[in-house]
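Welcome! Here is a short briefing to read beside the sequence and the 3D view.

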Amino acid sequence: MASANTQIIPYSPSPPSSSSKSTQQLTYEVFLSFRGEDTRYGFTDHLYEALISHGIHTFRDDNELKRGGLIESEIQKAIEESKIFVIIFSANYANSRWCLDELVEISQLQRLILPIFYHVDPSNVQEQTGSYEQAFVDHEKEADKEKYYLKIFNEGKRHETRFIKEIINAILEELNSKFLLPVSEKIVGMNSQLEELKSLINLESNDVPMIGIYGLGGIGKTSISKVVYNNISNLFESSIFLEKVRERSHNDLILEQLKSLVGEHGWFGPKSRIIITIRDQHLLKKHKVDALYKVMELGPKESFRLLCKHAFNQNNCEKDFVRLSNDVVNYVNGLPLALEVLGSFLFDKSVHDWESILHKLKTQPKIEIQNFLKISFEGLDKGEQVTFLDIAFFFNGCNDIDVIRLIENARIDITVLCDKSLITLFGNTIRMHDLVQEMGREIFRHCKELGKWNKCINLGTKAIEGRFLDMSKLRDMEFTTKAFRRMKRLRLFKVYWSCGFTDLMIREYPKLHVHADFEFPSYDLRYLHWERYPFESLPSNFDGENLIGLSLMKSNIKRLWQREKRREKLQVLNLSTSCQLTYLPCFSNMPNLEKVNIESCGSLKKVDPSIGSLNNLTSLVLRWCQKIKKLPSSICKLKSLKYLDLSHCSKLKCFPEISENMECLKMLNLSQIGTKELPESIEYLIDLTFLNMDLCTKLESSEEHL
């Protein structure tokens, strides 16, 4: 019976050389290292197919390995760009100088290695005995180096029939880490709560329990639910974390949301688990969940540790701050969000500052979390306050790159807001806690009542700078030129529908009434997003000189502008699903465009040749434009283009000759296009990493050029 070791070994050899690419973006999830004559058409082939079927991006050398000589550059590049290495030690693996060189290259990287012993005793590999002894004699000059790396593998045995299943499970478990939900590194007090929740979840049961997590705002309900998800999600075939459902509906519809999403146990398969987090225990009881878990305030020791993590970046504090830290802990009363925000605000502050803040808190009539949060807000300068309120009103949950585009000095301000725990960055997504967002809006309302527009945010009846209207949460509405004429400083304007299918089942779709002569201020406008824009073009007086982002999805637009004008600052243009769109603008008047999306514009027949002048364009989406028969040759002059999507352009008869300058193009989607052949010049796409040609039924031949 054959043996296999399927343990992942987190081996970290001596520091890699300066040429190491451990910090670069990795192309492959798995690299297969094997001896072709032993396993290529048997075990390795079966393993490779299993990896691919599980969606694991795998590199396998499809050419017969050479007997000697240095590793080719493409193999070395693949090694450098892989995350996990599966090394299949077979009887003749060590007889190949090529395989041994691969092994050395792999071992020099600080990556995870999964050794598989195929019809080989692991001790032969570990101690270089048997066939491996003779192999190292033959390669005596390299033996010492290879021996050093081979000794890292542990011995273990498995039945061959379980090889592939165990390997796949081990790899999926490791790769699953990239799907884990982001949780703060400074979190405390989770171990005991996690164990209590896992006992309620009861993973051994075949039942489908619903567990309700409830507690005060800012108590850590979302954090503990994320920790639970990360801890158990790999035990299920599929999992989903649906966040901020409450934000997307009216409060009086929360119960209906629950009934629509998780109405009955029978909707889910055996051993499924449903976890619901909410502030109101009453709603959980009304929904008849199977178990309730109340998230409690942190104890004094945990509170002290959390405060110190944010105020001093360590688990303890200096002697001079012990009494003050305990005073803060006693006053905050174990509320994690308040400890995080207040601790971040007090970071690097003097003893005098601490005493001043404590005195200010104690003068408040009631101990409320909003008081703690407001102190942190007041510590921001005016520009940072404006950015904070922009995020609170408009950009919570948005991509930070988009926000940096639209808000002046946002890059620095976002860093400051993160440092003060007023927002968090999960990947590129900006997140602001519900209570912090409510605090920002309350500050705005308070300033409005006192008439302190300029001191607060420059948003007012005559000085409104931003207006975001979620039509799914409003009744029928009318837009008039008179109402908008007073918004002379308008810079952010968005009309959208956030509702999902559950909302549509509950209420009627709202209607927006706009007069035919409607006009709105546009000189200061930096961002215009208007879903279902009702007119055939933007108003005749539309300026847009400062416009950076323009999105008119699902609109009635036929021609974008009534008059052409140079708009130097425009970077993003989205006209997707505008079924009446017939004419595209002259792109040379928008020279700094970076992203263009014209998806599903069914009436569009051609693309203006001026698109070739966009030297900064990185993404161009034309999928489902089914009347486009030909692309301008200038499209191949786009030197910065990285992503091009022409999928489902079924009338596209030919693909233009590709310029050697398109060396940045990495992703090309040609699925279901009508082209019969690709030009020979497609070989100039030397950096292409993704090419989709699925269901190109009219395509005669392309392999010789690929």
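Lys288 is found in the loop between α12 (281-286) and β7 (291-294); helices (H or I, at least four residues) and strands (E, at least two) are DSSP runs, numbered from the N terminus. This is a predicted model, where local features need pLDDT of at least 70 and side-chain atom pairs count only at pLDDT 80 or more, while totals for chains, interfaces and linings use all residues. Residues are numbered from 1 along each chain as its sequence is written, and side-chain values use heavy atoms, leaving out hydrogens and water.

- Most residues other than glycine have a negative phi.
- Lys288 has a phi near 65°, a positive value in a residue other than glycine.
- Lys288 counts as exposed because its relative accessibility is 65% (exposed means over 50% relative accessible area, buried under 20%, and partly exposed in between, with a 1.4 Å probe and protein chains only).
- Thr577 also is not a glycine, and its phi is positive, at about 60°.
- You can find Thr577 in the loop between β16 (572-574) and β17 (595-597), and at 30% relative accessibility it counts as partly exposed.

**The chain as a whole**
- The chain holds 24 helices and 21 strands.
- Of its 706 residues, 49% are buried.
- Among contacts (heavy atoms within 4.5 Å) with a separation of 6 or more, 65% join residues 24 or more positions apart.

**A buried leucine**
- Leu47 lies in helix α2 (residues 43-53), and with 0% relative accessibility it counts as buried.
- Which residues does Leu47 contact, leaving aside its neighbours within four places in sequence? They are Leu32, Val86, Ile88, Ile164, Ile167 and Ile168.
- Leu47 and Ile164 are 117 residues apart along the chain, yet their C-alpha atoms are separated by 5.9 Å.

**Helix α10, largely enclosed**
- Helix α10 (residues 221-232) has 12 residues and reaches 17 Å from its first C-alpha to its last, close to the 16 Å expected at 1.5 Å a residue (the expected span is 1.5 Å times one less than the number of residues).
- Since 9 of its 12 residues are buried, α10 is largely enclosed by the rest of the structure.
- The buried residues of α10 include Ile224, Val227, Val228 and Tyr229.
- These buried residues of α10 pack against α9 (191-201), β5 (210-214), β6 (274-278) and β8 (424-426).

**Two helix pairs**
- Helix α14 (residues 322-332) and helix α16 (residues 351-362) pack at an angle of about 25°, with axes 10 Å apart (axes are lines fitted to C-alpha atoms, for helices over the stretch in contact, and angles run from 0 to 180 degrees between N-to-C directions).
- That angle makes α14 roughly parallel to α16 (roughly parallel means under 35 degrees).
- In the contact, Arg323, Leu324, Ser325, Asp327, Val328 and Tyr331 of α14 meet Val351, Trp354, Glu355, Leu358, Leu361 and Lys362 of α16.
- The contact of α14 with α16 has 7 nonpolar, 1 polar and 4 charged residues (Ala, Val, Leu, Ile, Met, Phe, Trp, Tyr, Cys and Pro count as nonpolar, Asp, Glu, Lys and Arg as charged, and the others, Gly among them, as polar).
- Helix α15 (residues 336-346) and helix α17 (residues 369-378) pack at about 25°, with their axes 9 Å apart, which makes α15 roughly parallel to α17.
- Leu337, Ala338, Val341, Leu342 and Phe345 of α15 make the contact with Ile369, Phe372, Leu373, Ile375 and Ser376 of α17.
- The residues of the contact of α15 with α17 are 9 nonpolar, 1 polar and no charged.

Notes: Angles under 35 degrees count as roughly parallel, over 145 as roughly antiparallel, 65 to 115 as roughly perpendicular and the rest as oblique.
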